[in-house]
Amino acid sequence: MGEKLIEHLWKAFELYLNRKDKFIKAEERLKRRLAFFEEVKKLDENNDLDEHEKRSIRNSLAQIVCGSRLVDYELVEYYQKNKNFRNFEVIAPIVAFWDESIIKEYDESGRIKSLKIDEKKYSQEKRNTALILIYMLWVAILFIIFYQRVINVFVSTFHMDSYIALYVCGAIFLLISFFVLFALYGVMTVIDLRRLVKESENLV
């Protein structure tokens with residue numbers, strides 16, 4: 001449980017940073033997109049590399065344009081061609097985050113032609129994210145209730161000044177609050193996944 005909790009919160013943290021969209025300025029986003037399309041075009045015209053090498057490079061280009069190591073080129077291309085989404089570099093990492101809950105269907109050329117929800121795994125992910133959120137809220141509530149005892153432990157065990165112990169407890173509570181927010185964000189994104197997959201059915 002502990003390892004699963006840490007893994008989920010860390011991935012949610014990465015996803016949160018990406019969702020904020022590192023490339024806030026439209027001009028910078030445009031430059032990255034132009035560079036992405038240009039490099040993909042050059043790669044397609046390159047006859048010195050085999051398909052395995054080209055695929056590895058395409059995946060790297062997709063990760064650069066999205067600012068996320070979770071995505072691959074096929075998923076980015078799929079959402080880039082979708083008329084329902086403007087910021088494919090933001091959407092693709094969210095969908096990739098819940099990759100185990102998605103069934104991908106490919107065409108003859110290896111491109112994704114459709115996405116579907118794996119209902120069983122999706123239900124498991126929703127349950128897991130909800131349990132993690134409840135657990136983190138429980139930890140936060142307990143800390144608020146017993147914060148004075150925590151301060152007393154720091155004072156008696158580590159011989160801290162009471163004011164220093166108070167500041168340490170404040171820092172710990174701030175950390176717990178961040179974990180609660182990341183867990184909440186995970187719940188929000190897994191709930192939104194069905195919409196992202198459903199709306200992706202109408203391709204240009």
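Predicted model: local features only at pLDDT ≥ 70, side-chain atom pairs only at ≥ 80, totals over all residues.
Q: How many helices and strands does the chain have?
A: The chain has 8 helices and 2 strands. Both are DSSP runs, numbered from the N terminus: helices are H or I with at least four residues, strands are E with at least two. From the N terminus, the order is α-α-α-α-α-β-β-α-α-α.

Q: How do you know that strands β1 and β2 pair?
A: DSSP must find at least two bridges between two strands for them to pair. Strands β1 (residues 102-106) and β2 (residues 112-117) have 5 bridges, in the antiparallel sense. Within the pair, Ile102 stands opposite Ile117 in β2.

Q: What do β1 and β2 form, and which residue in the turn has a positive phi?
A: They form a hairpin, with 5 residues between the strands. Gly110 in that turn has a positive phi of about 90°.

Q: Why is Cys66 called buried?
A: Cys66 has 2% relative accessibility, under the buried cut-off, so it counts as buried. Cys169, at 4%, is buried too.

Q: How many disulfides does the structure hold?
A: It holds 0 disulfides. A disulfide needs a pair of cysteine sulfur atoms within 2.5 Å.

Q: What makes helix α5 mostly covered?
A: In helix α5 (residues 88-97), 10 of 10 residues are buried. Among them are Phe88, Glu89, Pro93 and Phe97. Over the 204 residues of the chain, 36% count as buried.

Q: Why is the contact of Glu38 and Lys42 called a salt bridge?
A: A salt bridge is a side-chain nitrogen of Lys or Arg within 4 Å of a carboxyl oxygen of Asp or Glu. Glu38 and Lys42 meet at 3.5 Å, N to O, so they qualify. The two are 4 residues apart in helix α2 (residues 26-45), about one helical turn. An α-helix has 3.6 residues a turn, so residues three or four places apart point the same way. Glu38 is partly exposed at 44%. Lys42 is partly exposed at 45%.

Q: What makes Arg58 and Asp44 a salt bridge?
A: Their closest N and O atoms are 2.8 Å apart. This pair links distant parts of the chain: Arg58 is in helix α3 (residues 51-66) and Asp44 in helix α2, 14 residues apart. Arg58 is buried at 14%, whereas Asp44 is partly exposed at 43%.

Q: How do you know that Glu119 forms a salt bridge with Arg194?
A: Their closest N and O atoms are 3.0 Å apart. This pair also links distant parts of the chain: Glu119 in helix α6 (residues 119-145) and Arg194 in helix α8, 75 residues apart. Glu119 has 41% relative accessible area and is partly exposed. Arg194, at 35%, is partly exposed as well.

Q: Which residues do salt bridges that share partners join into one network?
A: They join Asp72, Asp99 and Lys104. The whole structure has 12 salt bridges.

Q: Why are Leu174, Phe178, Leu181, Leu184 and Met188 called a nonpolar patch?
A: Patch residues have over 30% relative accessible area and no salt bridge; nonpolar side chains (Val, Leu, Ile, Met, Phe, Trp, Tyr) are joined within 5 Å, like charges within 9 Å. These five form such a patch on the surface, with about 480 Å² of accessible area together. The area comes from the Shrake-Rupley method with a 1.4 Å probe, and only the protein chains shown count as cover for residues. Leu174 lies in helix α8 (residues 162-199).

Definitions and conventions
Residues numbered from 1 in each chain as written. Heavy atoms only, no water. Buried < 20%, exposed > 50% of the residue type's maximum accessible area, 1.4 Å probe, protein only.
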